[in-house]
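Subject: Handover of a structure and notes on it

Dear colleague,

Please find below the structure that I am passing on to you.

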Amino acid sequence: MIADGGRAVVAGVDVGGTNTKVILATPTLDVVDRIDLPTPAHAGGAAIVAAAVEAVTDLLDRHRASLTGVGVGAAGVVDRATGTVLVTGNSFTGWAGHGVTDSFTAALGVPATLDNDVNAFLLGEVATGAVAGESDVLGMTLGTGVGGAFVLGGALFAGPRGAAGEIGHVPGFGDALCTCGQIGHLETIAGARGIADRYAERSGRRASVREIAEAARAGDTDAAAVFESAGWGLARAALLTAGILDVTTVVIGGGIARSWDLLEPAITAAIALEPPVSGAPIRLAQSTLGSDAVALGAAAQVRDLVLGGAVVNDR
């Protein structure tokens, strides 16, 4: 979609189960404008795409810009090669199986890319965020669960079956039942649901993660303990990555990362007790892109496709 004389932009779309964020960005990934809208998550894939397309069009009209490509980051399992959503949670209806990139291209007349939201988050932080320019990074997002992704040698690394970086489902973190049905995964102590469950076990009280964080700052020892446990788990994830892949840069985002004042000291202390065998320090970074990270990463991905740049590697 071209506006005569308009400056070239890329669009990034972050499709979540509750909200969709749409941004326009320059080729250098400076955000021109953004729209947040409710996701019609139970209206089917065509409706989800149509809502995002309308937002993209509104932004283009507002800024008289020329669209060169659309990048999409979506929760769940996706097939990047075909641009199709494969598996979603129960917060969506009719989204799995939808040809996302074909739909965006048909509607807007430009190339489109699709990746899962955690990969897009990491691409955004590497392109223009907290770990900009780093070639080897572990990215973790702390939401309801714990997501993970790798950039190795400057390229996104998904692994032969697309499961590389699934650090949230690594075992060895206690004996609690994970949402996936297995025992002792990282997200049972470092995801929002896990933090709430661990706090309820200790205190007998059910609270949100925000309330637990406020309680920890106010001196609640049970609340402080669950954040310390979460920090210990995230440190173990960083140390495992450093020992197996020699990757010592870690960026953490997501809603729980807003409680950085509670997480960071615990992570740092745990790493100090058992530093990587390489002797290299672990660089620990909090996301600087916040809620824009996924959309900006998706925009970076399509920018690199249409304008040249890093090539996503699916080894």
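The buried residues of helix α6, which spans residues 209-217, are V209, I212, A213, A215 and A216. Here "buried" means under 20% relative accessible area, "exposed" means over 50%, and "partly exposed" lies in between, for a 1.4 Å probe and protein chains only. Helices are DSSP runs of H or I with at least four residues, strands are runs of E with at least two, and both are numbered from the N terminus. As background, an α-helix has 3.6 residues a turn, so residues three or four places apart point the same way. The buried residues of α6 pack against α5 (192-203), α7 and α8, where contact means heavy atoms within 4.5 Å. After α6 comes G219, with a positive phi near 105°.

Please note that this is a predicted model, in which local features need pLDDT of at least 70 and side-chain atom pairs count only at pLDDT 80 or more, while totals for chains, interfaces and linings use all residues. Residues are numbered from 1 along each chain as its sequence is written, and side-chain values use heavy atoms, with hydrogens and water left out.

Two helix pairs deserve a description. Helix α7 (residues 221-245) packs on helix α8 (residues 260-273) at an angle of about 50°, and their axes are 7 Å apart. Axes are lines fitted to C-alpha atoms, for helices over the stretch in contact, and angles run from 0 to 180 degrees between N-to-C directions. α7 and α8 are therefore oblique to each other; angles under 35 degrees count as roughly parallel, over 145 as roughly antiparallel, 65 to 115 as roughly perpendicular, and the rest as oblique. On the α7 side the contact includes F227 and W232, and on the α8 side it includes L262 and I271. The residues of this contact divide into 13 nonpolar, one polar and one charged. In this grouping Ala, Val, Leu, Ile, Met, Phe, Trp, Tyr, Cys and Pro are nonpolar, Asp, Glu, Lys and Arg are charged, and the others, Gly among them, are polar.

In the second pair, helix α3 (residues 117-128) and helix α9 (residues 293-307) pack at an angle of about 80°, with axes 6 Å apart. α3 and α9 are therefore roughly perpendicular to each other. Among the residues making the contact are F121 and L123 of α3, and V294 and L296 of α9. The residues of the contact of α3 with α9 comprise nine nonpolar, four polar and two charged.

Most residues other than glycine have a negative phi. R64, although not a glycine, has a positive phi of about 50°, and its place is in the loop between α1 (45-63) and β4 (66-74). D246, also a residue other than glycine, has a positive phi near 60°. D246 lies in the loop between α7 and β11 (249-253) and is exposed, with a relative accessible area of 52%.

T249 is found in strand β11 and counts as buried, at 8% relative accessibility. Leaving aside neighbours within four places in sequence, T249 is in contact with residues including V131, D136 and R283.

Yours sincerely
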